[in-house]
Amino acid sequence: MDTSSPAAFVNGGLLRMHVGRKVRTVIQVTRSDAGSVMGKSTDGCQLVVRGSPPAPLTSYVEVIGVAENESSIRAELWTNFGDSFDASNYDQLCQLANGELKHLFL
Amino acid sequence: MQANEFDGNAAFAGGGFMPSQATQTAPDRPSYSSKNSDARCLTPVTVKQLKDLSKVGESGISIDGVDVNNIVLVGVISKIDNAVSDCTFRVDDGTGWVECTKWIHEHVDSVEVDVISVGMYVRVYGQFKSIQSRRPITDFNEIAHHFLECIYVHLYNTKLRPRMTNATDGMTAQPQVANSNSGNHIMGFSHQTNSTNQIRGISSMVLQYLRRPACLASEMGVSSDIVARELNVSVDKVRKTLDFLASEGLVYTTTDDHYKFTDA
């Protein structure tokens, strides 16, 4: 077992806490280009995700990668999460996972 | 879920060894020391929780003070090694990765294994030493749900369980893992509460007092004055409480102002 590269659950607001570290989040795609994807985080922030997204992209996509700054991520792993996803549920999870229950995750 | 628990108390009841607790209608018994119930529960965990276990040097027997053998994990397959008799794969849930082994005994098993590929999200059921089964995830809300379950169970085990002392609660010892395949997510695990769950404070004190062997043995029951004196509570409050308990069916009146615990 190895936990040397755990990815923190983040939303837009929490991203700044993990700049330079591995993070994971789900965004709702608003625009996608060849080298990057723009999307809305589960708490309504605009985020940019750099990398090569899979094609086709579903509405919601989970990205795991390194946070470059408080609004952009360099993605290593993309996973299509479909078109129906409970964003507020995920958002609550991000808040819990970064709060007093952090020790369960990181 | 806890339907067939071995109930130590019931086995010894009668003969005056222990206060009869036969009136508890819920099958759940608050005997949390019972290993049977815990061993049959399925606990959602994160890989980090498993890793912390190994660090402490335990053999994965308990997490947060609860016996755990069967676990659920949700994560991405990051590596697969397919051999003839077994399949080893690595599941990464974002908090770490763990090697899982699936033993292939029959054709059914190998078919299961063929469906799984690298990069796919799966939910894995198994024992800490070996993995029983897993299936691919199609509704990704399951992932958030699984982690929320981990959080819930952890909080339940560390905060709520220690607080439950005597026989006043009918909550299940371990929340059940529910299969959700719609977008709706309820954090509601099935709590089997019977009426005693509602009773707090004075009521539970009064109830406990009436369940003492001496009180149960007395045919006439106990008068509210005595209860009030013994518990150091005002007679008025005791009377009100006893009225409430009587309306719930937990106690009954024998003669005027004398109460007995319903020992059906």
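Guide: Two strands are said to pair if DSSP finds at least two bridges between them. Please note that this is a predicted model.

Visitor: Over how many bridges do strand S5 (residues 86–92) of chain B and S6(B) pair?

Guide: Pairing requires at least two bridges. S5(B) and S6(B) pair in the antiparallel sense, and the number of bridges is seven.

Visitor: Which residue in S6(B) is the bridge partner of Phe89(B)?

Guide: S5(B) and S6(B) form a hairpin, with four residues between them. In the turn, Gly94(B) has a positive phi of about 90°. Within S6(B), the residue bridged to Phe89(B) is Cys100(B).

Visitor: Is strand S6 (residues 97–103) of chain B mostly covered or mostly uncovered?

Guide: A residue is buried when its relative accessible area is under 20%. Five of the seven residues of S6(B) are buried, and the strand is mostly covered.

Visitor: How many residue pairs are in polar contact between chain A and chain B?

Guide: Contact between the chains involves 25 residues of chain A and 29 residues of chain B. With both residues at pLDDT 80 or more, the residue pairs in polar contact number eight.

Visitor: How many nonpolar residues are on the side of chain A that touches chain B?

Guide: Strand S6 (72–82) and helix H1 (87–98) of chain A each supply at least two residues of that side. Its residues include seven polar and five charged ones, while the nonpolar residues number 13.

Notes
Residues are numbered from 1 along each chain as its sequence is written. Chains are lettered from A and ligands numbered from 1 in the order in which they are written. This is a predicted model: local features need pLDDT of at least 70, side-chain atom pairs count only at pLDDT 80 or more; totals for chains, interfaces and linings use all residues. Side-chain values use heavy atoms; hydrogens and water are left out. Contact means heavy atoms within 4.5 Å. A polar contact is a pair of N or O atoms within 3.5 Å; within protein, one must be able to donate a hydrogen and the other to accept it, and residues adjacent in sequence count only if both atoms are side-chain atoms. Ala, Val, Leu, Ile, Met, Phe, Trp, Tyr, Cys and Pro count as nonpolar, Asp, Glu, Lys and Arg as charged, and the others, Gly among them, as polar. Buried means under 20% relative accessible area, exposed over 50%, partly exposed in between (1.4 Å probe, protein chains only).
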